[in-house]
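Here is a friendly briefing to read alongside the structure.

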There are 2 protein chains.
Amino acid sequence: MSRAHDIARRLAWIAVDWGSSNLRAWALDADGEVLASASRDKGMLSLTPADYEPTLLEAVGDWLPASGRMPVRVCGMAGARQGWREAAYLPVPTRLDGLGNGAVSPAVQDPRLRVALLPGLCQTADGAFDVMRGEETQLAGLVADQPGFSGLACLPGTHAKWARLENGTLERFTTFLSGELYRLLASQSVLRHSTGDDDLTTPGDRDAFLSAVREVNDAPRAFSARLFGLRAADLLDDRLPDGEARGARLAARLSGLVIGLELAGMGEALASTPITLIGNQTLCARYALALEALGHEAHRLDGEAAVLAGLGLANAALGT
Amino acid sequence: MSRAHDIARRLAWIAVDWGSSNLRAWALDADGEVLASASRDKGMLSLTPADYEPTLLEAVGDWLPASGRMPVRVCGMAGARQGWREAAYLPVPTRLDGLGNGAVSPAVQDPRLRVALLPGLCQTADGAFDVMRGEETQLAGLVADQPGFSGLACLPGTHAKWARLENGTLERFTTFLSGELYRLLASQSVLRHSTGDDDLTTPGDRDAFLSAVREVNDAPRAFSARLFGLRAADLLDDRLPDGEARGARLAARLSGLVIGLELAGMGEALASTPITLIGNQTLCARYALALEALGHEAHRLDGEAAVLAGLGLANAALGT
């Protein structure tokens, strides 16, 4: 029996995380076991509504059995207004096991597909406007993993999200521009002359990172001055290492300043443990270090496991 | 008598502000009257050391009398290590009427030129590393204008400088990345979808600007979250105007957040009046508005007048 045939025979549903620039898809059996996965570098920014179905078929077409309609559960920007079809934001507070309530089904031509696009979440209370689309499904994954979860969850990244959950309900959340801010400063500002690759591999780099986290946490108002101070230190500070080590040291410091400002922004809310970090290993490890330096313990949940669990929760709620 | 002949006859010295991307030059008579001015879009970033003399002659050659050696006083990046010839940073504290002490003369081929490159300033005390090159001459202009000046001076811009002067001596200074931060966020980040032209022409825009200044001053730690909040407000806030007015409103708010973070960074130091803003009218007016909203009065000095006065002070000290 061919592998494709085996997948088609056991396939129960398809999970898709479809963002601004790419899609990742997984074939799952009835027990939630991953049978296969696929990805494409095509997302909301490069697709018109008519492009979505062909792109999806390109990625998952081989998995589909000849007959029957296969549930495809999609989270992320495919459900944005500029995506495949809009799945309007659900307002918070929202029970994370109820995301399916806001799902919409785009029209499809292939009779084997039954697509549901999950909604994002929005927040308007007290002028604290905020939105997420994709991350809510990872947070649902946390609830699938730990039913009735209460606590703080953080999803580091380009637009880092911090969410307060109470007994499985997302109560409120805040987005920080940290990843984007770091990237712009390190690659486009005057600091690009001073910063290099930063992977926190040496104790010196880790110290520079953690000192910056603590400094900004103690005095967030100094953030903008400390940014230029990095450039000036590169020109004047004899204690910095030379060569590539210098760029790594200063990049570690920049990362600490940006993440430190984010943690300062969370303020006293961080005291309400437990904190769960959801995302890729490297970035979550960096956040865990920073949190630890401020006296906070963090648990971790792998980002891919979270999105699969969240889509699985929605799949179970949506039925067949 | 031709105009060129008249300039050559009266010319006493030439002032040059030579930055990263352009030069501005002025022909001055013995009384400091401006006889002519010129500019070129050539600066440190596009010139090798050998290019400086031809570029200077291209700009000011017509002014020079046939014989004699004409003093040319240059401030800015032409004196940087990557410039014409390095005029090493003077450490602060520094008397601003003594910048000529650190001037260097690059070798020139044309016997009519006697060039002095003024130094920049550096600060290393207590790890508060900082540098300036060009702005020190504008600050010297403030001292030329008000001998023995004591107080705070601010030079808004790409890398905004705040300097503490005591009786004509620059004691310490701080650079904020404000202008660059605004430009990157407004043109390269996710906020570019929400921000437009921002000239604070409507009362609504001014209110948005000032509210943002106050918010960040009250809670600088929220800066990063408020950045993303701008994008979310664009998606969710019904109270925002439509069309171009919407982009202007959000750009005004972004400007207020960035300038507010800078003013928060100065903190209690702002209470030590007087504050003098040095620079172009539009930007100084914006800073004056922001300072006023926080209860601080600001005087203003035109940036071009300041650089000319500062170069004049150095010219007088350097002699002929």
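Let's start in chain B, where B:Pro93 sits in the loop between β5 and β6 (94-95). The peptide bond that joins B:Val92 to B:Pro93 is cis, with omega about 0°. Please keep in mind that this is a predicted model.

**Backbone features**

- Chain A also has a cis peptide bond, running from A:Val92 to A:Pro93 with omega near 0°.
- A:Pro93 belongs to the loop between β5 and β6 (94-95) of chain A.
- B:Asn167 is not a glycine, yet its phi is positive, at about 50°.
- You will find B:Asn167 in the loop between β11 (160-166) and β12 of chain B, and with a relative accessibility of 53% it counts as exposed.
- In chain A, A:Asn167 has a positive phi of about 50° although it is not a glycine either.
- The loop between β11 (160-166) and β12 (169-176) of chain A holds A:Asn167, which is exposed because its relative accessible area is 52%, over the 50% cut-off.

**Aromatic rings**

- Over all chains, the rule counts 6 aromatic pairs.
- A:Trp18 and A:Trp84 form an edge-to-face pair, because their ring centres are 6.0 Å apart and their planes stand at 70°.
- This pair links distant parts of the chain, 66 residues apart: A:Trp18 is in strand β1 (residues 11-18) of chain A, and A:Trp84 is in the loop between β4 (70-75) and β5 (90-91).
- Both partners are buried, A:Trp18 with a relative accessible area of 0% and A:Trp84 with 9%.
- In chain B, the pair of B:Tyr52 and B:Trp84 is stacked, with 5.5 Å from centre to centre and 10° between the planes.
- B:Tyr52 lies in helix α2 (residues 52-60) of chain B and B:Trp84 in the loop between β4 (70-75) and β5 (90-91), so their pairing ties together parts that are 32 residues apart in sequence.
- B:Tyr52 and B:Trp84 are both buried.
- Back in chain A, ring pairs join A:Trp18, A:Tyr52 and A:Trp84 into a cluster.

**The interface of chain B and chain A**

- Here 40 residues of chain B contact 40 residues of chain A.
- About 3400 Å² is buried between the two chains, and carbon and sulfur atoms give 73% of that area.
- B:Phe129, B:Arg221 and B:Phe228 supply 22% of the area that chain B buries against chain A, more than any other three residues.
- On the side of chain B that touches chain A, the elements giving two or more residues include β12 (169-176), α4 (178-188) and α7 (244-266) of chain B.
- The largest share of that side comes from α6(B), with 10 residues.
- By type, the residues on that side of chain B divide into 22 nonpolar, 12 polar and 6 charged.

**A buried histidine in chain A**

- Where is A:His296 placed? A:His296 is in the loop between α8 (281-293) and β14 (298-302) of chain A.
- A:His296 counts as buried because its relative accessibility is 17%, under the 20% cut-off.
- Leaving aside residues up to four places away in sequence, A:His296 touches A:Leu270, A:Ala271, A:Ile275 and A:Leu291.

Methods. Residues are numbered from 1 along each chain as its sequence is written. Chains are lettered from A and ligands numbered from 1 in the order in which they are written. This is a predicted model: local features need pLDDT of at least 70, side-chain atom pairs count only at pLDDT 80 or more; totals for chains, interfaces and linings use all residues. Side-chain values use heavy atoms; hydrogens and water are left out. Helices (H or I, at least four residues) and strands (E, at least two) are DSSP runs, numbered from the N terminus. Buried means under 20% relative accessible area, exposed over 50%, partly exposed in between (1.4 Å probe, protein chains only). Contact means heavy atoms within 4.5 Å. Buried area is the accessible area (1.4 Å probe) that two parts lose on being put together, summed over both. Ala, Val, Leu, Ile, Met, Phe, Trp, Tyr, Cys and Pro count as nonpolar, Asp, Glu, Lys and Arg as charged, and the others, Gly among them, as polar. Rings of Phe, Tyr and Trp (its six-membered ring) pair if their centres lie within 6.5 Å; planes under 30 degrees apart count as stacked, over 60 as edge-to-face and the rest as tilted.
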